[in-house]
Amino acid sequence: MAEEKSFKYVIFGADVSAGYAAREFAKQGLKRGELAIISNEPASNKIFGLGDIEPETNPNLSKNYICGGTGKENQCHQWCKDKGIELLLSTEIIKADLSTKSLVSSDGTTFRYQTLIVATGSTCVRLSECGGLQDENAKNIFYLRDIKDVDQLALTMKTKKKRTVVVIGSGYRGFELSASLTVNNYNVTMVFPEPWTMHWLFTAEIASFYEGYYANKGIKIIKSTKATGFSTNSKGEVTEVKLDDGRTLEADMVIVDTGGEPMTSLFKGQVEEEKGGIKTDGFFKTSVSNVYAIGDVATFPMKLYGDMRRVEHVNHACKSAEHAVNAIKAAEEGRSILEYDYLPFLYTRVFDLSWQFYGDNVGQSVLFGDNDPNSPKAKFGTYWVKDGKVVGAFLEGGVEEENRLLLELHGHNLRLVVLRCCPMLESCLLDQGLIELGS
């Protein structure tokens, strides 16, 4: 007879948001056995969601996994045990029936819940899915959203004698990992079809700084170019990357950062969806009672901009998880909380650089400061202006007070930004006619 288990709360998935939700439940108080985390993540991983990558030696490889390198306590197996949380790893869920509040695993076990939090995250878009490039049979090609791949990458980095890497894609993870690999003495080439790196966020002027800086560190960057195939040796290991302009690049390892897709297939037809994710309200509650969605999979009301958005970033993963748990607890206690009011926030640290971004990169962009990659102490920023107000702000090299100012100035008029920021920004705004002298 198939086994059946019941829990008050079930967190389903191993997205970074799952760990933050568990931490918030523990913070608010749990009875032993009330909460289960169910994931097909390998049970051998020392830290839930982190795999075997050591944060101390590979900070940029670990940042996007649960609490690795974030200053938060790690959700190791013992932590879950101490908090009375049942951690069910290596558990593949093959069926979700929201009408009966049940999940069924591949071994026939049925997990019943009173409240479900979907934290399945995103899966990688494989090269064979974008442009028909086939890669399934080549070894040493790694995808940054697959934790098994990340574990294998960490092992390969320890054992591989040759150190030539091609990073395909210009996303967040490829941007960070290229720097991390270079620091660890790998020869790195970045290849992407866009006209500049981080095209979805950076302006051309911002990107020119980082591309120049990366080049000075020895990273080769090939833009507006697609990978079309691979060459392999007798062991099936990748040896070359073929490009659409006829060139080939030597490669002992290939890192792929071509984006992701929310893992929502088990819930198709059972919940409302929007923009590729599971549609939620401002408390991350879905169209089905007692079912919540957080992190990458949630399409939620962006109160600030009056539209629905899906956000993939550790900052939102943390905040959405905390807000959903607070909403669940508030509903149980008969009290109300405010709707989620999120200001998009992105950041990274690579080499000796550090940037932060708040808001939306729409409207007219205004570059200020020194973005020369050869400057010993480059410091610059960009504001995005729409309808006379700042809607987005980016700063490289800012100190704590300056980074805090970015957040405070969001939504204010340009004159206030000038008065509280810096004279060199005023000059840029005057030149572009965005403000008038003495206005």
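Analyst: Happy to walk through it. Please keep in mind that this is a predicted model.

Let's begin with the helix itself. H7 runs over residues 314-333, and its 20 residues should span 28 Å at 1.5 Å a residue; the end C-alpha atoms are 29 Å apart, so the two values agree. The helix is mostly covered, with 14 of the 20 residues buried. Just after H7, Gly334 has a positive phi of about 70°.

On to your second point. H7 supplies seven residues to the largest nonpolar core, and that is the largest share of this core. The core has 59 residues in total, and Ile11, Phe25, Leu103, Leu116 and Phe267 are the ones with the most contacts inside it. Apart from this core lies another one, of 37 residues, which includes Phe192, Met198, Met253 and Val350. As general background, nonpolar side chains in soluble globular proteins tend to be buried together.

A link across the sequence is worth a look here. The C-alpha atoms of Gly19 and Cys318 are 8.5 Å apart, although the two residues are 299 apart in sequence. Gly19 is found in helix H1, residues 16-28. With a relative accessible area of 0%, Gly19 is buried.

Beyond its neighbours within four places in sequence, Leu103 is in contact with Val10, Phe12, Ile38, Ile93, Lys95, Ala96, Thr109, Thr110, Phe111, Tyr113 and Leu116. Two of those partners, Ile38 and Phe111, also turn up beside Thr91: leaving out residues up to four places away in sequence, Thr91 touches Ile38, Ser39, Asn40, Ser105 and Phe111. Thr91 sits in the loop between strand E3 (86-88) and strand E4 (93-97). Its relative accessibility is 14%, so Thr91 counts as buried, the cut-off being under 20%. The side chain of Thr91 also reaches the backbone oxygen of Leu89, at 3.0 Å.

For comparison, here is another helix. H5 covers residues 172-183, and its twelve residues reach 17 Å from the first C-alpha to the last, close to the 16 Å expected at 1.5 Å a residue. H5 is mostly covered as well, since ten of its twelve residues are buried. Among the buried residues of H5 are Tyr172, Phe175, Leu177 and Leu181, and also Glu176, Ser178 and Thr182. Just after H5, Asn185 takes a positive phi of about 70°.

Tyr172 and Phe175 lead on to the aromatic side of the picture. They belong to one aromatic cluster together with Trp200, Phe202, Phe209, Tyr210, Tyr213, Tyr214, Phe351, Trp355, Phe380 and Phe394. The structure holds 28 aromatic pairs. One of them joins Trp355 and Phe394, with 5.3 Å from centre to centre and 35° between the planes, a tilted arrangement. Trp355 lies in strand E23 (residues 353-359) and Phe394 in strand E26 (residues 389-396), so this pair ties together parts that are 39 residues apart in sequence. Trp355 counts as buried at 1% relative accessibility, and Phe394 is buried too, with a relative accessible area of 1%.

Phe284 has a positive phi, near 70°, in a residue other than glycine. Its relative accessible area is 0%, so Phe284 is buried. Asn290 lies in the loop between E18 and E19 as well, and Asn290 also has a positive phi, of about 65°, although it is not a glycine. With a relative accessible area of 24%, however, Asn290 is partly exposed.

The chain has ten helices and 26 strands, and 54% of its 439 residues count as buried. Of the contacts between residues at least 6 apart in sequence, 61% join residues at least 24 apart. The chain exposes about 19500 Å², and carbon and sulfur atoms supply 48% of that.

Conventions:
Residues are numbered from 1 along each chain as its sequence is written. This is a predicted model: local features need pLDDT of at least 70, side-chain atom pairs count only at pLDDT 80 or more; totals for chains, interfaces and linings use all residues. Side-chain values use heavy atoms; hydrogens and water are left out. Helices (H or I, at least four residues) and strands (E, at least two) are DSSP runs, numbered from the N terminus. The expected span of a helix is 1.5 Å times one less than its number of residues. Buried means under 20% relative accessible area, exposed over 50%, partly exposed in between (1.4 Å probe, protein chains only). A nonpolar core is a set of buried Ala, Val, Leu, Ile, Met, Phe, Trp, Tyr and Cys residues joined through side-chain atoms within 4.5 Å. Contact means heavy atoms within 4.5 Å. A polar contact is a pair of N or O atoms within 3.5 Å; within protein, one must be able to donate a hydrogen and the other to accept it, and residues adjacent in sequence count only if both atoms are side-chain atoms. Accessible areas come from the Shrake-Rupley method with a 1.4 Å probe; for residues, only the protein chains shown count as cover. Rings of Phe, Tyr and Trp (its six-membered ring) pair if their centres lie within 6.5 Å; planes under 30 degrees apart count as stacked, over 60 as edge-to-face and the rest as tilted.
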